[in-house]
Every structure is written in C-alpha cells, then in structure tokens.
Amino acid sequence: MNRLVTAERALRTAAPHQLLDAVRRVLTDQYAADSVELYLADYGLTVLQPVSVPPHTLQPVSVHNSPAGRAFGAQEPYVETLPGDSGDAVRVHLPVTVRGDRLGVLTVTLPGGEHADGCLGELAEIAEVLGHEVVVAERDTDVYLQARRRDRLTLAAEMQWQLLPGRSCSRPEYELGAQLEPAYAIFGDNFDWSATADRLSLYVTNGMGEGIEASLLTNLAINALRNARRAGLPLADQAALADQAVYAHYRGRCYLSVLMLDIELATGRVRAVDAGSPRLLRLRRGAVERVPFDAQLPLGMFEETDYVAQEFVVEPGDRLVFVSDGVYDAGSPGGEAYGAGALARAIQSTRLLRAAEVPRAVLRELSGHRGRTVPDDDALVVCLDWRGR
C-alpha cells in the first residue's frame, strides 16, 4: 500500500478528536517527519491558532507576517529552511483548505530539502484530506471549533458563526470571500451562499438590533430563506416567504434588510432582490461603481409584502463587493462617516488580492478610519470575483 493511501485511510478511520494524532503518526512513520502541527485560522483572521489540548504549549502565529501565514494567504506550500544545528532540515507549511474555504495550515518539519521536494505534492494532498476530515469531525467534537478561538465568543456570535456556510469558497466560475467584525461579538449581520451545477445563490444580510435578539432575528430569516430556496422557489418568492415568517413572529416590531442574488453560472445573468440596506459595488476594468437597485421593503416590516426581482449581468473579470451599513456608516473619531469614497479607494487598493483576502483587508482599512472609536454596529464585507465559463 503506498504511503498516500495509508495517510488517507488513517485520517478517515481516526476518532474525530484525534485527527492530528493520526496525521502525525503517518507523517512520522511514512515521511520521516520530525514534527507535525496543525494551525487553524481564528475567527478574526488575524492569527493561526495551534490545535492542541490544555495546557497549550504552542503560541499562535500571525496570519500576516509568518511563514505559516504566507502559505495561508498565498494558498501555496511554503518551504522554510531552518537555521542553527538542524543541518539542512526544512519546515513545510501546507494550506488546509476545503473547496476554497481556508481553514488553516499543516506544518511539517522534514530532515532535508531534497526529501521535502520529493514528497511535497503528496503532503499537499494529505493536508487537503485533513481539511475535509476536520469539517466532518466538527459534527462530533468541539476540538477544532475551540482551537479557532483567540478570545471567548459572545453567545450571539456563537449563534451567528454556526449559521454561516464558511468564509470562502471557489469554483471555476467564481471565488467568494467574506468576513464579519467584531468577529467575537457580532450581532445580526450575516451572509449565506449555495451553489448547484447551474446557479449560485448569495444572500447578504444586515441585521437589526443587538446581542441575542439580533441573532435570533437573523437565524429566523436565514432559515426561512433557506427553506424557500430548498423548496425550489424563485428569488422573489423566497423573499416573500421569509418576509411572512419574520412578520408572523415579530408583527413588524423587528425586521431585517437583505440583498439577494441568483446568478446563472453559464451566462452571468443575475436576478436580484434588494430588500433593505446592504450595498453592492462593482470593480470593472479598473473603475468602482455602485450597482443601483430599486429599493424594496425589508423582510418583516409589513404583512404580505410583494417583491420583484431585477436583472443585470456580470462579466468575466468583474469583482462584486457587498457591504453592510456598519461599513459605510462607520464614524471616525471626528464623526465623519466612512462613506462611498473611502470604500471605493479600499476596493481599488485591494484589487490585486484574492477574493478570500479582500474582506479582511477592507475591514482593516475601516478600522484605521475608526481609530479608537468603539463601533456601535457590526460590519460585513463579502467579495465575489466572477470568472464565468
């Protein structure tokens, strides 16, 4: 049996909480690894947290200025030569990614550069299999969810993160990336996506209220939208059904803004329902412009609201950036709103980054605008890079 098959079998038969032990044994026995560590990206996408059990012996490493962070950002293996008495030992950092969703990095120390070159492809495949197994294992263990926490999550944030599909994904036609802030204390903002062979559905939600109440409202609306989508209803009817669900529970006291898109993968034709405040900006051939929609009522504001889908077309090379009002209304210490101009500049300055990196980069620039001002609303950025067929 070849060693790659041995590694895959070891991971697939390991107990959910023992995936790191399983991959460590295989890489030590089959690839002569001196050490093996798994790091997962924290909720704020600022550090890579080591997967270990208390008492923790390893420190987090930066996403932005570390060898592991370089592999995470570039989504390519990065080989680091070790200094000192280790001879020609190298440390290989391998992205752990599942269908474009960047989970973390597998770091393997090997006895020599030539040895590493000879098995780099197999190690990258093992890191990919490990990522799939981590996603499956999270149904049965908290080990990996706990490892992602740099700080404690609020209960509202716990509910929101559990509702999300992931933070990035990719297919030949598109790449998606998204991020929420404050990551450990988000309220009601949310994003959701789902793809079939022919279509991509994308919802960007701007929640109302704070804390648990905001999270409960968003949970109700997102699950109502999913229920309608999975029943095969068209976009406008999905909005109407979710509107009825929210109104039936809150009777207009609480409501929720959402921008809904349904994209044909073969043509780039988009149907959209704009029910509230999330905004869409498009970067096309170097120019940033807002995509305008006819404003329609938020979900749950009134009983039995009718919604109408509008249409536009995305072209190969387009970048679509969605933001909640916690971004464009964010105030500086002097009270100046972030606004459309600053947002357009942020989109321009991040144009060379991959879609998965854009939301965090835009939110960093937003943080610089706010300075020491404490945000009074959560902020959401979603980036869609469209390649088409």
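Which residues line the largest cavity? The structure is a predicted model, in which local features need pLDDT of at least 70 and side-chain atom pairs count only at pLDDT 80 or more, while totals for chains, interfaces and linings use all residues. Residues are numbered from 1 along each chain as its sequence is written, and side-chain values use heavy atoms, without hydrogens and water.

The lining of the largest cavity consists of L45, F72, D101, R102, R167, S168, A178 and A356. On a 1 Å grid over the protein atoms alone, a cavity is a set of points where a 1.4 Å probe fits but cannot get out, and lining residues have an atom within 4 Å of a point. The volume of this cavity is about 50 Å³, and one cavity of 30 Å³ or more is found in the whole structure. Its lining comprises four nonpolar, one polar and three charged residues.

The largest pocket (an open set with protein on both sides within 12 Å along at least five of seven lines) has a volume of about 840 Å³. It is lined by 29 residues, of which D101, L164, P165, G166 and R167 are the closest to its centre. By class, 14 are nonpolar, five polar and ten charged.

The axes of helix α1 (residues 3-13) and helix α2 (residues 19-31) come within 9 Å and cross at roughly 160 degrees. The two helices are therefore roughly antiparallel (angles over 145 degrees). Their contact (heavy atoms within 4.5 Å) involves R3, L4, T6, A7, A10 and L11 of α1 and L19, A22, V23, V26, Q30 and Y31 of α2.

Technical notes
Axes fitted to C-alpha atoms, helices over the stretch in contact; angles between N-to-C directions. Helix = DSSP H or I, 4+ residues; strand = E, 2+ residues; numbered from the N terminus. Parallel < 35°, antiparallel > 145°, perpendicular 65-115°, else oblique. Points joined across faces, edges and corners; volume = space filled by probe spheres on them. Nonpolar A, V, L, I, M, F, W, Y, C, P; charged D, E, K, R; others polar.
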